[in-house]
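Here's a quick tour of a few spots worth a look. Have the viewer open and follow along.

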Amino acid sequence: MADIKDYGKLYQSDILIIGGSISGLTAAIKAKEMDPDLDILVIDKGVIGWTGQATKAGNGIRATRKEKEAIPMAMCYQVHAHTEFLNDQEFLMKYLEVQRDNVEYMQHCGVKTSVDEEGHVTYFDMVPGMDCAGVEININRSLRSFALKKGIRLLSRMNVFELLKGKSGRVIGAIGFDMDHGDCVIFQAKSVVLATQGCHFKKIGLEFMGYGTGVGAAYRAGAVMSNVEFSTQTDVVFKKNNTPIYGGFNLVYNQKGENVTRKYCGEETLYEVSTDLVMGMLEEVKLGNGPLWCDLEHPDEVRAIFGGQGHQMSMRMLNDKLEWEANVFKKTIRSFGDVGLTPEMTIKMVLQVEPVHVDMDYKTDVEGLWAIGKITSTGSCYFGWTRGDGLGNGTTTAIMAAPSLVDYAENHGFEDLQLDQVAAMKEKIYAPLNRPTKRKPREIFDKIERLVFQVDKLLIKSDESIQSVLDEVEEMKKIIPELTADDPHTLAKCLEAADNVLCLEMVFRAARERKESRGQMYPHYRVEYPEMDNKNGLYWQHIKQGENGEMVLFKEEIPLWRYPIRPQGYEIPEGHKEEFYVPENPLAPVYIEAQKAMAAAMQK
């Protein structure tokens, strides 16, 4: 009679955390401190402590200010700054509350931060209601060391591609293979956490990548994906080296010497990239007024703070990060040349799919499965992340997930793995090794990367361009069953390519349904519907795998009648009543004042 060990090496733990970067390690530590008796296993396809998006980050960690007015101010900023009015504001309130103490918790975990002479965290002003502290460049290495001291098990070079479910329907484990030897590995747990990157495809390949395997595994396990149409990240970068012009958004000029920012965005100071600026840059090039350039000879206050000149004063970057940056800049200059003080600039687009839907405890819609970190960016309160909060988001989401994660593991036993499911999953994972064809995953990656350069498809979408991408998706789906591999690395690439295509299809199926334009750093722009539609567009759009494997899209109305921040002219829909601005709510007057202050600041 077959045994589970006939299919691969079995690892058991109370809690399985897939992804060993900042969010995964923080969740493991927090959970272990809440219940030291729990057996917690963290796995990663790389080497834990030296892998993940947080590796060599060190640009600072965001935290909500301690004063009582901070959360209303931060709420006003977050709801307006990136994807207007689509945040889950009740969720966001809780998130901002927890984020008050995340930097101190990192200190507790042995991470070095900016401090005063007495050892207290020092912050600098980041955005309304929020501050940023400096943090060491090797934050993951410090978290790894602390986790090991706590008795947390770490297992590197393990790549999983499918989640395992019990007869009850809950997630009880995962399956994949050892990246060094290709041996099958099977994980069984009482609760499972996805702390993986989403699908993050950056052009030219100069920066970190994410292949969407966590997204794909969650989707196939029955988890809901949310707001995937907001997955095109835009930025303004130096043309020579493809790096962002941090803080230089007010300094964009055309060849006539006109300030493009002022021309298309008015006199409002930009602290972040805006859709109006991006569209204005495209229009200037179309008019023949390019190439566009950035005036770094005359930096404004925003450039001084965010662009590097103010780092020593603000302690956003500690000395280890500054030294690392200096070395990186030297190598960049040797390879690409110095950008100078009047560099040419261009638009950068990124396919960034991070849609796993979670509740306030970061539980997914599938029992036994949690998701934390950036894999949830459009599926949680945050709706698309904000620049400078990668480390803040990774730690905060982990801290929020830990209590329910621990409670679940304490109150559930192990459920038997289903041998037929394990056998089927293993066969699927290893299928590319046994094919007679010779097609390689690079063929898929090249097709997707080409899209990242096409503004008319990835950024400015039309009915025609959306359909053209979906047609390409169908062609790529025909290639996937023919992809071949001959070692663990290329086997992983075959499976990653398949999940890349899945994520791309989600983006454009969702984009076809949203008939409006909305969003800043993660804009959804439709040629046929160029305006934001607050009458018909105030909804969350979800995707789930149907019974026959097809994508099922459905909408959920945003309950703005319960929220403090609403579009101008918003009317409560029939069947609902005012629930926030009522006499008995002590927060109502606080939010009224916060919105007045924010409006005044924006006008100034």
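How many bridges pair β3 and strand β5 (residues 130-133), and in which sense, parallel or antiparallel? The two strands are joined by four bridges and run in the antiparallel sense.

## Ground rules

This is a predicted model, where local features need pLDDT of at least 70 and side-chain atom pairs count only at pLDDT 80 or more, while totals for chains, interfaces and linings use all residues. Residues are numbered from 1 along each chain as its sequence is written, and side-chain values use heavy atoms, with hydrogens and water left out.

## A three-stranded sheet

That pair belongs to an open, antiparallel sheet of three strands, ordered β3-β5-β4. β3 (61-64) and β4 (123-127) sit at the edges with a single partner strand each, so one side of each has no neighbour in the sheet. On average, neighbouring strands here are turned by 40° against each other, direction ignored.

Strands are DSSP runs of E of at least two residues, helices are runs of H or I of at least four, and both are numbered from the N terminus. Two strands pair if DSSP finds at least two bridges between them.

## Helix α13

Gln421, Val422, Met425, Ile429 and Tyr430 of α13 are buried, meaning under 20% relative accessible area with a 1.4 Å probe, protein chains only, whereas exposed means over 50%. Seen down the axis, the buried residues of α13 fall within an arc of 150°, so they line one face of the helix. (The arc uses directions from the helix axis to the C-beta atoms.) Asp420 and Glu427 are exposed on the face turned away from that buried side. The cover over the buried residues includes β7 (158-165), β8 (171-178), β9 (184-194) and α17 (488-513).

## The core and α17

The largest nonpolar core has 181 residues, and Leu163, Phe187 and Met225 touch the most other members. α17 gives the most to this core, with 14 residues. Such a core is a set of buried Ala, Val, Leu, Ile, Met, Phe, Trp, Tyr and Cys residues joined through side-chain atoms within 4.5 Å.

α17 also holds Asn500, which is buried at a relative accessible area of 1%. Beyond four places in sequence, Asn500 touches Cys199, Phe201, Gly210, Tyr211, Phe445 and Ile448, where contact means heavy atoms within 4.5 Å.

Key
Axes are lines fitted to C-alpha atoms, for helices over the stretch in contact, and angles run from 0 to 180 degrees between N-to-C directions.
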